[in-house]
Amino acid sequence: MAVTLKEKRELNNFLDLLAFSTVERFYPTSAMNYTHVTSLEDTFDYFLDLVESGELSIVWEVKCTTDKFICARKIKDAHSKEVLLNKDVTCDICGHEFTVSANDLFPAFEITPDFRQIVREDKKKTSNRLKIKRSYARA
Ligand SMILES: [Zn+2]
């Protein structure tokens, strides 16, 4: 499955908003809260496509996954999984010690500086165009 055209547009609008905000990092689930997209897998796949084409970069976060209670402390992160896998880590909140496995890794995404710049310049142009139209209207 893949995201539909409508979903793609919603996700792109979400990314445009983020490019204007100071948000550094976001999760596929936050995109789903903002849009009507219901499949986490499709959202993730679409973002991976955007990593491929340069709009986004992916960051893997190691979260504390102790099964005794919910901690979910972010312990470490890196742009590649390989840097994190099989490393021994300790949670500074609950003291849980573990070796990082694929199950402890959670994907997050960041807007690349290039894409952020393009979106911002685009919006500037749009507002200039509006200004031009308004001055014509006045004349
Ligand atoms: Zn913990």
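Modeller: What follows goes from the domains to their contact and then to the chain as a whole. This is a predicted model, in which local features need pLDDT of at least 70 and side-chain atom pairs count only at pLDDT 80 or more, while totals for chains, interfaces and linings use all residues. Residues are numbered from 1 along each chain as its sequence is written.

The domain assignment, whose bounds come from an automatic or database source, divides the protein chain into domain 1 (1-55 + 112-139) and domain 2 (57-109). Their C-alpha centres are 28 Å apart. Where they meet, eight residues of domain 1 are in contact with six residues of domain 2, contact being C-beta atoms, placed from the backbone, within 7 Å. On the side of domain 1 that touches domain 2, helix α3 (residues 40-53) gives the most, with three residues. That side is made up of six nonpolar residues, one polar and one charged, where nonpolar covers Ala, Val, Leu, Ile, Met, Phe, Trp, Tyr, Cys and Pro, charged covers Asp, Glu, Lys and Arg, and polar covers the others, Gly among them.

As for the whole, the protein chain has five helices and five strands, being DSSP runs (H or I, at least four residues, for helices; E, at least two, for strands) numbered from the N terminus, and their order along the sequence is α-α-α-β-β-α-β-β-β-α. The C-alpha atoms fill a box of roughly 70 × 30 × 25 Å along the principal axes.

Key:
Two residues are in contact if their C-beta atoms, placed from the backbone, lie within 7 Å.
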